Amino acid sequence: MKLLKPLLAVMALVFSTWAIAGNVPAASGNEAEVVWQALKEGAQVRTTGTAPFADQAINSYDMRTLDWRNDYLSYGMFAALFGMIGAFIVFIAVNGISKLSDGYSGKLVYRWSKFDLFIHWLGAIPCLLLIITGLTLLSGKIIIEPLLGTAVFAPMASLAKPIHDYMAIPFMLGWLLMSVKWAKNQIPEKCDLGWILVVGGYINFGPFKGKHPHAGFANAGEKMWFWTFAFGGAVVSATGVILLFPDLVEPSRTLSMLALVIHGAIAIVLTMFSVIHIFMATIMSEGGMECMVSGYCDENWAIQHHDLWYDEIKAKGELKYKD
Ligand code: HEM
């Protein structure tokens with residue numbers, strides 16, 4: 001029994017050397033099966049290599065994780081970005097945007113501090129770059145290369161990798177600051193249900209037309225985005241760190257492969273929500289973009305979209321106009 005482990009290790013080394021040379025005919029007999037089984041279970045060998053986990057004879061993760069990545073996530077990521085953009089273009093063409101019922105008042109009300117603007121863009125700009133480079137890394141080989149050719153895809157991919165790695169740092173900082181600082185304004189309230197039932201008043205026909213549901217500082221849609229971003233950002237950050245530093249985690253690469261699949265799946269969700277968020281802020285909600293440019297919003301925008309918040313700051317004497 002004592003001798004079994006070293007014996008297996010020697011056999012594993014011999015077997016893996018044959019395998020690398022590509023000279024192994026179909027494995028035959030019990031011995032080969034025992035060795036192969038031991039290798040798949042992570043049997044250690046002794047080598048002169050000094051790299052971390054050099055004694056790990058072969059990677060023993062479940063190969064199906066690569067299939068999930070290639071067969072589902074790569075297409076999912078592509079569909080999340082371009083499918084959502086396409087869906088929004090059609091939606092706006094059919095439905096139109098949400099206009100300010102009483103037009104612009106011309107009076108700007110304080111909503112976000114300069115620090116809030118800073119942390120928003122600290123997270124948002126890297127997030128957009130992570131989405132674009134992440135798409136190149138995840139869907140590139142399978143969708144982009146066949147479409148654009150290797151000559152275009154190769155430089156794209158080699159640029160995408162370092163950008164993706166480095167942008168993770170400001171993204172994580174922005175994510176942490178936004179998640180901690182803004183959480184108190186994003187707690188679900190009773191009025192959120194009313195907002196959801198009329199889809200925020202953004203549908204311009206049928207029984208929804210002209211509806212302006214009640215909302216506090218954040219409405220139900222913004223809250224859904226915030227919590228998806230807060231929890232999704234946590235998972236995408238944690239799995240990203242595992243992928244950047246696999247040797248810190250474990251030798252079999254099982255966890256790394258799991259991290260790869262989870263990272264891609266959550267990135268798809270974040271991409272879909274990001275597209276919705278950007279369309280809502282820039283095109284869909286007239287006057288909304290001003291909030292993240294100057295930190296102020298038009299008074300009529302505040303009354304139409306965040307009436308409970310507007311009433312509250314007015315009642316407390318905290319309503320502050322831009323000079
Ligand atoms: C061009 C891109 C973007 C634009 C124009 C934009 C615009 C805005 C605006 C105007 C608001 C304030 C909404 C309000 O005051 O009620 C906001 C809030 C927010 N943004 Fe962005 N944003 C962009 C990208 C992103 C990205 C990529 C992220 C993710 C990192 C992000 C995360 C957030 C979060 C968590 C909030 C607070 C929740 C909310 O109020 O919706 N934004 N953004």
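User: Where is Tyr296 found?
Analyst: Tyr296 is found in strand β2, residues 296–298. Keep in mind that this is a predicted model.
User: Is Tyr296 buried or partly exposed?
Analyst: Tyr296 counts as partly exposed, because it has 19 C-beta neighbours inside 10 Å and buried needs 20 or more.
User: Which residues does Tyr296 touch?
Analyst: Leaving out residues up to four places away in sequence, Tyr296 touches Leu108, Val109, Tyr110, Arg111, Glu290 and Lys322.
User: Let's zoom out. How many helices and strands are there?
Analyst: The protein chain has eleven helices and two strands. Along the sequence the pattern reads α-α-α-β-α-α-α-α-α-α-β-α-α.
User: What is the radius of gyration of the chain?
Analyst: The protein chain has 27 Å. A compact globule of 323 residues would be near 20 Å. Along the principal axes, the C-alpha atoms fill a box of roughly 85 × 40 × 35 Å.
User: What share of the residues count as buried?
Analyst: Of the 323 residues, 27% count as buried.
User: And what share of the contacts join residues at least 24 apart?
Analyst: That share is 74%, among contacts between residues at least 6 apart in sequence.
User: On to the inside. How many residues are in the largest nonpolar core?
Analyst: The largest nonpolar core has 24 residues. Those with the most contacts inside it are Met77, Leu81, Leu130, Phe171 and Ala267.
User: Which elements give two or more residues to this core?
Analyst: They are α3, α4, α5, α7 and α8. Of these, α4 gives the most, with seven residues.
User: Pick Leu81. What is Leu81 in contact with?
Analyst: Beyond its neighbours within four places in sequence, Leu81 is in contact with Ile131, Leu135, Thr271 and Val275.
User: What about a second core?
Analyst: There is a second, separate core of eight residues. Val109, Ala302, Trp309 and Tyr310 are among them.
User: There's a ligand too. How many residues surround the ligand?
Analyst: 22 residues surround the ligand. The closest are Ala124, Cys127, Glu222, Ala281 and Cys291.
User: Which elements give two or more residues to that shell?
Analyst: Those are α4 (114–148), α5 (150–182), α7 (220–244), α8 (254–284) and α9 (291–294).
User: What does the shell look like by class?
Analyst: The shell has 14 nonpolar, six polar and two charged residues.
User: Tell me about α7. How many residues does α7 have?
Analyst: Helix α7 has 25 residues. From its first C-alpha to its last, α7 reaches 35 Å, close to the 36 Å expected at 1.5 Å a residue.
User: Which residues of α7 are buried?
Analyst: The buried residues of α7 are Ala220, Glu222, Lys223, Phe229, Gly233, Val236, Thr239 and Gly240. They pack against α5, α6 (191–197) and α8.
User: Next, Leu255. Which helix is Leu255 found in?
Analyst: Leu255 is found in helix α8. Leu255 is partly exposed, with 15 other C-beta atoms within 10 Å.
User: What does Leu255 contact?
Analyst: Apart from neighbours within four places in sequence, Leu255 is in contact with Ile242, Val249 and Glu250. From C-alpha to C-alpha, Leu255 and Leu243 are 9.3 Å apart, and twelve residues apart in sequence.
User: New topic: Leu100. Where does Leu100 lie?
Analyst: Leu100 lies in the loop between α3 (64–95) and β1 (108–110).
User: Why is Leu100 partly exposed?
Analyst: Leu100 is partly exposed because it has 17 other C-beta atoms within 10 Å, and a buried residue has 20 or more.
User: What does Leu100 touch?
Analyst: Leu100 touches Glu286, Gly287, Asn300, Trp301 and Gln304, not counting residues up to four places away in sequence.
User: Last one. What is the phi of Val199?
Analyst: Val199 has a positive phi of about 45°, although it is not a glycine. Most residues other than glycine have a negative phi. Val199 is found in the loop between α6 and α7.

Note on methods
Residues are numbered from 1 along each chain as its sequence is written. This is a predicted model: local features need pLDDT of at least 70, side-chain atom pairs count only at pLDDT 80 or more; totals for chains, interfaces and linings use all residues. A residue is near a molecule or strand if its C-beta atom, placed from the backbone, lies within 6 Å of it. Helices (H or I, at least four residues) and strands (E, at least two) are DSSP runs, numbered from the N terminus. Ala, Val, Leu, Ile, Met, Phe, Trp, Tyr, Cys and Pro count as nonpolar, Asp, Glu, Lys and Arg as charged, and the others, Gly among them, as polar. A residue is buried if 20 or more other C-beta atoms lie within 10 Å of its own, exposed if 12 or fewer, and partly exposed in between; C-beta atoms are placed from the backbone. Two residues are in contact if their C-beta atoms, placed from the backbone, lie within 7 Å. The radius of gyration is taken over C-alpha atoms; the globule rule is 2.2 Å times the number of residues to the power 0.38. A nonpolar core is a set of buried Ala, Val, Leu, Ile, Met, Phe, Trp, Tyr and Cys residues joined through C-beta atoms within 7 Å. The expected span of a helix is 1.5 Å times one less than its number of residues.
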